[in-house]
Each structure stands twice: as structure tokens, then as C-alpha cells.
Amino acid sequence: MSVNELLPLLPAGVLVVFGLLLLLYEVFSNQSEQRRYSAHLAVLGFAIALTVVAFQLRDPTASLFLGPGGLASLVVDAFARVAFILLMVAGLVACLLSPGYAKNAGHSLGEYYGLLMFSVAGMMIMVSAADLATFFVGLETMSVAVYALTALRRRDVRSTEAALKYFLMGAFATAFFLFGLALVFGTVGSLHLTHLAEAMSTGTTLLREPLLHVGLLLILVGFAFKVAAFPFHMWAPDAYEGAPTPVTGFMAVAVKTAAFVSLLRLIVVGFDGAMSSQTGGASWTVLLEALSISTILVGNALALTQRSIKRMLAYSSVAHSGYVFIGLTAVAEGEASAGAGILFYLAAYTAMTLGAFGVLAYLERREGGSEAERFGAYAGIGFRHPAASALMALFVVSLAGLPPTGGFFGKLFVFSAALRAGHTGLVLIGVLGSVIGVYYYLRVIVAFYMRDVPEPGPTPSATPSAELGFGLLIAAILVVVLGVVPGPLIELGRAAIASLG
Amino acid sequence: MEAYTPYLWDLGRIAFMFAICLGLAGPLTWAERRQSAMIQDRIGPNRAALTLFGREIRAFGLFHPIADVIKLITKEDTINIHADRFLYNVAPFIALFPALMTFAVVPFGPDITVGGEVHRLQVARMDAGILVVFAISSIAVFGVTLAGYASASKFALLGGLRASAQMISYEVTMGLSVLGLVLIFGTLEPSAMVVAQGELIGGWLPRWGVFVQPLSFIIFFTAAIAENKRIPFDMAEGESEIVGYFVEYSGMKFGMFFMAEYIEITVVAGLLTTLFFGGWQVPYLMDGVEFVNAAGTTIVGTGFHFPWGGQLYTGEWVGAGLRVGAFLFKLIFLCWLQLMLRWTLPRFRYDQVMTLGWRRLLPLSLANLVLTAAVVLLI
Amino acid sequence: MPLSDLVFYLFAAMVVVGAAGAAISQNLVYAAFLLLAALFGVAAIFAWLSADYVAITQTIVYVGGILVLFLFAVMLTNRITDARHSNPAVGKRPAALVSLGLFGVLAYVSIETPWKHFDVPAGGETTHLLGQALLSTYVLPFEVLSVLLLAALVGAVVMSRKETPKP
């Protein structure tokens with residue numbers, strides 16, 4: 001294998017190298033310098049990697065690390081590259097949101113950004129893996145790095161609690177996933193998606209074997225944990241609330257995107273043909289349906305009752321997982337356009353969720369105090385921080401799925417694809433959930449703008465950082481652009497899905 | 001009868017292994033006490049005597065190990081009231097077991113052919129033999145830790161903690177230091193390593209591990225002594241401070257910890273011999289080389305080929321005997337060296353032990369590994 | 001029953017008893033000790049399947065590495081000497097119900113399934129083959145694992161080192 005063949009993996013390589021550089025910078029930089037360039041180094045790394053992907057976007061599909069039978073363990077196709085872009089944008093914006101916040105909390109910056117880059121590199125392996133063993137390694141790289149990120153504020157009791165819950169639940173999910181892998185390997189005799197597809201295609205007796213189904217079910221449970229879908233969502237609110245806010249944003253966005261995108265690949269490539277009802281795959285669609293309905297209803301219902309904005313956003317992100325599951329159900333039925341819809345949805349979700357958490361991080365810094373997350377504490381914020389509040393309003397409107405924002409088109413694409421696949425009931429549930437969502441999202445705006453200011457209010461404690469503003473700006477631009485000209489991205493998404501074959 | 005022959009060979013090998021391990025433990029305790037006495041200008045143990053036909057035989061205190069064993073066996077077995085009885089009783093066994101097991105992968109002689117069948121002089125020949133050593137020896141930590149915990153004594157707990165921390169720390173270094181040898185010899189199997197050490201560098205220097213990997217030898221030896229928790233690394237015992245994880249033990253249970261230490265000395269010596277001193281290899285004693293005998297005919301067999309031109313035919317059996325003898329000689333020499341180290345070196349402080357392990361030896365062994373890999377790649 | 005089957009059931013029983021004991025035991029040290037039995041039994045089963053390299057690695061990593069750290073951490077916790085109730089179980093009944101249900105499903109399924117059979121190689125150079133496979137076919141996961149371990153290492157260091165004073 002020559003070095004040229006590895007070029008499609010260059011973006012991930014760039015991230016790892018920059019992660020290492022950041023660690024070295026942390027070690028060798030002057031203490032008094034405060035390592036103030038860590039964030040810039042990280043952003044530079046992401047920018048370089050993004051540029052590389054942008055240049056490679058039209059490259060043909062690259063199959064790397066051929067194993068027995070000439071099957072690649074890693075496939076960098078247009079689908080993977082689009083996912084790379086999504087994940088790296090999430091990483092980039094998360095880096096931009098962090099510096100002031102991280103410095104304030106007294107973190108070790110080099111490790112912070114290094115771990116962030118390692119986790120994105122792991123996600124990139126996840127989304128391009130063509131065999132479940134490789135996928136698992138990527139999954140664990142991502143997970144371990146994110147566990148560490150959530151635990152960074154270790155003097156803070158809630159952060160520690162969040163990290164512990166996230167870690168234990170994550171480890172639990174990993175055990176399920178791994179057990180599922182073992183069972184699948186036991187029946188199929190391979191962990192490669194192609195072999196899985198062969199085994200599951202019409203006519204083989206394997207599909208009748210309960211063991212395979214149990215194995216796949218356990219794998220699905222592993223995914224459901226990572227995306228915080230209904231019965232496995234319990235960790236999300238505590239983890240989101242306790243983790244450092246930029247990390248929460250990153251966790252909510254990138255981890256979910258990576259998990260959903262790779263689940264999409266698993267369903268399209270690995271379950272190829274197995275999902276149609278003739279081959280006994282109907283139960284799978286029912287399962288996905290049940291997951292999406294329960295996740296939407298539970299997520300929205302619980303989000304309604306929350307008093308803390310961070311917890312509300314956590315439950316609402318559970319609900320968003322449910323919407324994506326609607327799209328996955330349609331994909332499983334063979335509706336390819338739903339795949340493009342999911343990619344679009346994830347892009348919009350990335351921008352708006354990161355933006356919302358970014359504004360929260362900004363306000364936390366400016367207002368100080370850990371109670372700032374309560375709705376009540378935000379009374380009149382709209383007049384004290386007009387710019388940040390305006391951005392928050394934009395993100396919240398997008399999260400609620402109102403036009404002219406990315407969130408609207410995301411829902412539109414996913415729901416319309418589901419309608420084409422004949423899931424009218426599912427779409428109705430989704431719309432109902434969105435309507436509930438409008439209520440609790442608007443509560444944020446009400447709190448920001450329509451409550452009386454209790455007192456003169458605390459004076460701003462820290463100066464806002466330019467990086468944070470820049471990050472919020474990127475997120476806002478993305479939300480607006482996706483809402484005004486959704487065409488290019490959805491085209492890209494279609495091409496990506498087409499490349500899966 | 002025929003069917004049982006392989007099992008008999010197995011039994012014989014195992015018996016030989018135990019004979020080495022257990023048989024050396026007693027003399028080693030004697031040697032340690034006598035030697036320390038000499039070093040410190042004392043007389044040392046010489047009271048245990050045997051009266052035969054009215055004459056008192058003292059034999060330089062050689063009967064002391066036997067007397068000690070009798071004392072340990074007949075002594076009252078005390079258990080602390082708050083002790084965890086099950087773990088307390090099981091801990092000495094866990095400590096002794098790995099010490100006895102590790103020797104299984106050490107080859108004590110070349111393969112010999114008896115009646116057309118090849119027999120190995122090694123209890124277990126496994127593909128990843130070196131790793132077996134680390135796997136088994138890592139169990140030893142449990143004996144120490146559980147003993148410290150189960151005794152319900154603060155000193156024992158401290159000793160157990162110190163021991164486990166020290167053993168974990170040096171295990172890493174120990175494993176890394178061997179990797180250089182693995183790279184050079186291209187195998188993880190001890191007997192194959194010994195065979196590879198039979199070659200000569202430049203026609204005169206045996207290709208022993210100590211010559212090709214001197215740094216690795218020093219690191220491994222240091223780490224091995226630290227693993228065995230002997231002076232200068234006796235943090236876990238610290239006779240003058242906390243006495244150690246076995247402070248509450250008495251009788252033969254204490255004896256088992258004590259034995260484990262001396263068996264480990266043997267094991268360490270066996271490993272050092274195998275990895276770094278050519279195992280059973282005798283320098284210039286080679287297999288399958290040509291000899292011209294007095295009658296002028298050429299025979300192919302085992303014998304000495306000296307670099308200065310001389311040669312001496314020994315034949316397979318004498319060669320094998322010489323080799324087993326050489327193994328035992330190296331083994332005993334290295335045991336003695338370890339005793340010598342104990343009585344001539346001052347103790348480290350706890351933080352010094354940790355600093356040495358993590359900040360000196362570990363980077364050093366990593367550097368050694370990288371350097372060796374580069375050299376192996378280039379050559 | 002052939003002898004080798006007997007050996008398997010022996011070690012399987014060791015694994016099950018060890019694992020169950022580790023889950024049920026109220027005493028953390030006992031839990032760790034029983035986990036030792038379970039992990040060692042797994043290693044033995046690997047060896048029984050002629051995967052001696054995997055067996056050895058299992059012992060080194062789990063028994064020699066992870067479990068020792070467990071014990072170490074347990075011994076560093078407060079009031080370890082009266083740890084008999086340091087690990088109280090909550091929600092025993094629902095947990096037992098769920099576990100038994102899962103056990104029923106898995107047992108049924110594994111009896112029903114015609115398992116794929118692989119020929120177990122009789123001994124041989126598994127180490128060599130594994131090394132070849134790891135550094136050729138699976139070199140990517142292998143290398144990614146180094147990133148994973150580095151991330152874990154960095155995370156552990158960040159969490160455990162002394163905090164630098166705030167500027």
C-alpha cells in the first residue's frame with residue numbers, strides 16, 4: 001500500500017497530528033503564556049482538514065485496507081466525506097465556543113482541544129467504517145475522548161456526576177453493542193457489512209435465525225444509547241446539564257451525528273434488502289417506528305416540564321433523535337431520499353444546537369453563577385445582551401422548526417420522505433411533537449424578552465471572547481443559509497446517499 | 001505402557017522444574033544468611049546441628065533451612081480477629097502459585113532425541129512463552145494485595161498497597177525491556193530464543209542477550225528485583241518501617257510468602273539466564289558441525305568449535321549434559337548475584353522507587369525499544 | 001462426556017460463578033476477587049479453544065492490569081476495612097427480573113440457533129498469524145486503537161493530576 005492510497009484518510013490524520021501538537025504545546029509552552037493559542041491551533045487543524053475534504057469531495061470512492069476477499073475495512077465515499085464535513089464543522093464551532101469558557105474554568109487547554117480532535121477523528125473512522133470491528137474502534141475512540149471531556153471540571157460536583165453517569169451508561173451501551181457484535185459474528189461469520197448484507201438478503205435461511213436478530217437488536221440498543229433515544233435517554237439531561245457547556249454542545253451534536261450517520265450506513269449497506277416486509281424485516285421497521293414515536297413523545301413531554309434551559313435543551317435533543325428515527329424508518333423501507341433528509345437534518349441540528357449551547361456558554365460567563373441556567377434567571381436578558389439574545393432567538397426558532405431556518409427544512413425533508421414511504425401516522429406524531437416543541441422553545445424567547453427585569457442585574461463579569469462571537473456567527477450563518485438556500489446541501493446529501501450504492 | 005510414555009516425560013520435566021524451584025529455595029535462604037553474615041563480619045547461623053553417633057554435625061549451618069521448616073510447620077497459625085478469614089487463608093497460595101508456575105516456560109536444556117523421538121527439556125513450550133511469564137507473574141500481585149487487605153492491620157494494608165503499586169509500575173518496564181530482544185531474535189518463545197543465542201557475532205562473541213541488548217539487561221534485572229520486592233526495592237516490607245503485607249501471618253502461611261520470595265529469585269535467575277545469558281548454551285559448543293577425528297574421517301555432530309581453531313567432539317549426550325550443567329551454573333550464579341545485591345546496596349525511598357520506575361527506566365526502555373527497532377529495520 | 005468437554009464446563013462454571021458473585025457480592029474486595037475468577041476462566045476458555053495468544057493477553061490485560069487497578073482503587077477508598085456494606089444493592093427485584101428475562105431470551109435463542117462452525121486449529125503458531133493480521137489487514141483499527149489509548153491516557157491524567165492554580 002502506497003502513501004497515496006491513504007490520502008482519503010488525510011483529514012483524520014490531520015486531526016490526530018494537530019491533537020498531538022496541542023498536547024505537546026501544552027507541555028512545552030511557557031506557563032505565563034497561558035497557552036492562549038491552543039484554540040487557534042485547534043481551529044487551524046480543523047480548517048486544514050476541512051479544506052482537504054473540500055478538495056477531495058468529488059474524488060471517487062476509496063476503499064482502504066483490503067482484507068480477506070478484497071473487502072475494504074474502510075470506505076471513504078461521498079457519504080463519508082459529507083459526514084466528515086458535518087463532524088468537523090461541529091468540532092470547529094465547538095473549539096471556537098470554548099476558549100473563554102475553558103480558560104475561566106481553569107482547564108488544561110491543550111488536553112481539552114486535543115481530546116476534542118481525537119474524538120472527531122474517531123467519529124470519522126466510525127462513519128467511514130465498512131466493517132463493524134473497525135467501526136467499534138472508532139466508536140470507542142470517540143466515546144473515551146468525550147467521557148474525558150465531560151469530566152474536565154472535576155472540582156465541580158455536577159460535572160463529576162455528569163461525567164460518571166455518561167461514562168457508566170456509555171460503558172453499559174458499549175457492552176450491549178459488543179455482545180451484539182459477538183452474536184452477529186456467531187451467525188454470519190464475519191463483521192463486514194457486505195457479508196452482513198449477503199446474509200440478510202432474500203432467500204438465506206440466516207434471516208430466520210433468532211440469534212442474528214437478537215444480535216442486531218443489541219447493536220441497535222448500543223446506538224440508541226449514544227443518540228439518547230427513548231428507553232435509553234436517562235443519562236442525557238444530567239450529563240448535558242453538568243458537563244461544561246461547550247462540551248455539552250459538542251456532545252449533543254457530534255456524537256449524535258456520528259452515531260446516526262453510521263447507523264444510516266449500517267441500514268443502507270448492511271441491512272440491504274432485509275428491511276422489506278417479504279423477508280421478515282417488517283419487525284425491524286416496526287421497531288424503528290416504535291423507537292421514533294416513543295422518543296418523540298417522551299422527549300417533548302419531558303422537555304415541557306423542565307425549569308432549566310440546559311435540561312430543556314437536553315430533552316429536546318432527545319426529541320430531535322426521534323425525528324431522525326422517522327427518517328431512518330423511511331430509509332429502512334427503501335426510501336433513499338430520506339437519507340439525504342437525515343443528513344440535512346443533522347447539519348441543521350448541528351448548527352442550531354451548537355449555537356444555542358454557545359449562547360448559553362456566553363451568558364454563563366457574562367452573568368456568572370451556576371444558577372444562571374434557570375429560565376427565571378434569564379429574565380430581561382434580551383435587553384442586557386441584545387446580540388446574543390437575538391442569536392438565541394434565531395437558534396430557538398430553528399430548533400422549533402419554523403421557517404425560514406435550517407430546522408424547518410430539515411423537518412420538511414425528513415417528514416416528506418417519510419410520507420412518500422407511507423408513514424403518515426409517524427409523520428403526524430412528528431408534527432405533533434414539533435407543535436409541542438414550539439411551546440417550550442418559545443418559552444426561552446418569552447423569558448429573554450418579555451419578563452420584567454428583577455433588579456439592575458449583575459454587572460458583566462468577564463469580557464466576551466472574539467472566538468466565541470465568531471463561533472456563534474458561523475452557527476447563525478449556517479442556520480440561515482440552510483433555511484434560505486437548502487438546495488445545494490440536499491443535492492450533496494442525495495449524491496452522498498447515491499454513493500452508498 | 002507405551003501409551004503412558006509421553007505423560008512420564010511430562011512428569012519428569014515437571015519434577016525437574018520443581019526440583020530446581022523448591023530445591024534451591026532452602027539452600028538460598030541459608031546462603032543469604034551466611035553470606036550476609038560474612039558481609040557484616042558475623043558468624044551467622046551455625047547452631048542447628050545433627051547428632052550422629054555421638055558426634056555433633058553442624059555443617060556450616062546447612063541444617064538451618066530444615067530446622068526452619070519444622071519450626072514453621074509446627075508453629076501456631078494465628079489469625080487476627082478482624083481478619084477476613086477466607087482471603088487471609090487464600091492469599092499465600094495466590095502468592096506462591098505464580099512463582100512456581102513461571103518456571104514452566106524456561107528451557108533447561110536442548111531438545112534431546114531418545115529412541116527416535118524428540119523430547120524437549122522445558123515444561124511448556126508455548127508460542128508466546130515470554131508473555132506467559134508476564135501473564136502469570138501479574139497474578140502474584142493479588143496474593144500480596146489480598147494479604148495486605150485481609151490481615152485487618154494497617155501496616156499490612158500499607159505494605160500491600162506499596163507492593164501492588166510497585167509491582168504494577170515495574171511490570172510495564174519489564175515487559176518493554178524484553179521487547180528489544182523479541183525484535184532481535186524474532187520470536188516470543190524462550191527455547192527458540194535460546195537457540196538463536198547459540199550463534200556467534202563476528203565469529204567469536206556469543207550472540208547472548210546481554211551482548212546484543214546490554215541496556216535491556218540492566219533494565220530487566222532492575223525491574224525484576226523490584227517485582228520481587230527485595231532490597232533495594234523492599235518498600236513493601238521495609239523491615240525497619242512497616243514489616244509488610246505478611247506482618248500478621250505466622251507459621252507455614254508466612255513460610256509460603258517467604259518461599260515465594262526465594263522461588264522468585266530462582267525464577268528471575270532462570271529468566272535472566274534464558275533471555276540474556278544464552279540459556280543452556282555453552283559458548284562454542286555447537287550442533288551439526290563437522291569434526292575430523294583421529295582416523296581422518298569427518299563426522300557431523302555436537303562439539304566445541306573454538307574461534308582460535310581448536311575443536312573437540314563431545315557427542316550428543318555429553319553435549320546435552322554440559323548444557324544442562326551450564327544452565328544450572330548460570331542459574332545459581334545469578335541467584336548468588338541477587339543475594340549479593342541485597343546485602344551490598346542501600347535501600348531506596350518510596351518516591352525514589354516510583355521516580356526511578358516511571359521517569360527513568362520506562363523512558364529508557366522505550367528509547368531502547370525504538371532504537372533497537374530502527375537498527376533491526378536497517379540491518 | 002469427553003474430557004475436553006468436562007474441562008470446558010468446569011471453566012464455564014468458574015466464569016459464571018465468578019461473574020455472578022462479583023455482581024451480587026456486598027464486599028468490594030470480594031467482588032474484585034470473584035471477578036478475577038471470572039476473567040481467569042475466560043482466559044482458560046480461550047486457551048481451550050487453542051487461542052493461546054488471546055488467552056495470555058486476556059490474563060495480562062484483565063487480570064494483571066485492570067483487576068489489579070480495581071483492587072488498588074478499592075483499597076484506597078475510605079474505611080475499606082469495614083467495606084462489607086460499601087456496595088449496597090438497590091432495586092434488586094426489577095434487576096433480577098430483567099436479567100432473568102434476558103437470560104431466557106438468550107438461552108432460547110442460543111439453543112435454537114444452528115451455530116456456524118469453525119475448525120479450531122490444533123495449536124500452531126497463532127501468535128505469528130495474529131501479528132501478521134494485525135499489522136496488515138487490521139493495521140487501521142490497530143493504529144486507531146493507539147489514538148484511543150492516548151485519549152484515555154490524556155483523560156486520566158487530566159482528571160487525576162494536581163490542578164494548576166488559576167491565573
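Reply: This is a predicted model. In chain A, α10(A) passes α13(A) in a right-handed crossing. The contact involves Ala236(A), Pro237(A), Tyr240(A) and Glu241(A) on the α10(A) side. On the α13(A) side are Lys310(A), Arg311(A), Leu313(A), Ala314(A), Tyr315(A), Ser317(A) and Val318(A). By class, these residues are seven nonpolar, one polar and three charged.

Me: At what angle do the axes of α10(A) and α13(A) cross?

Reply: Two packed helices are described by the angle between their axes and the distance between the axes. Here the axes of α10(A) and α13(A) cross at roughly 140° and come within 8 Å. That angle makes α10(A) oblique to α13(A).

Me: Which residues of α10(A) are buried?

Reply: A residue is buried if 20 or more other C-beta atoms lie within 10 Å of its own. In α10(A) the buried ones are Trp235(A), Ala236(A), Pro237(A), Ala239(A), Tyr240(A), Glu241(A) and Gly242(A). Because seven of its eight residues are buried, α10(A) is largely enclosed by the rest of the structure. The buried residues pack against α6 (132-150), α7 (157-188), α11 (245-270) and α13 (309-332) of chain A.

Me: How many residues of chain C are in contact with chain B?

Reply: In chain C, 18 residues are in contact with 24 residues of chain B. Helices α2 (28-48), α3 (52-76) and α5 (126-135) of chain C each supply at least two residues of that side. The largest share, 11 residues, comes from α3(C).

Note on methods
Residues are numbered from 1 along each chain as its sequence is written. Chains are lettered from A and ligands numbered from 1 in the order in which they are written. This is a predicted model: local features need pLDDT of at least 70, side-chain atom pairs count only at pLDDT 80 or more; totals for chains, interfaces and linings use all residues. Two residues are in contact if their C-beta atoms, placed from the backbone, lie within 7 Å. Helices (H or I, at least four residues) and strands (E, at least two) are DSSP runs, numbered from the N terminus. A residue is buried if 20 or more other C-beta atoms lie within 10 Å of its own, exposed if 12 or fewer, and partly exposed in between; C-beta atoms are placed from the backbone. Axes are lines fitted to C-alpha atoms, for helices over the stretch in contact, and angles run from 0 to 180 degrees between N-to-C directions. Angles under 35 degrees count as roughly parallel, over 145 as roughly antiparallel, 65 to 115 as roughly perpendicular and the rest as oblique. A crossing is left-handed if the near helix is turned anticlockwise from the far one by less than a right angle, and right-handed if clockwise. Ala, Val, Leu, Ile, Met, Phe, Trp, Tyr, Cys and Pro count as nonpolar, Asp, Glu, Lys and Arg as charged, and the others, Gly among them, as polar.
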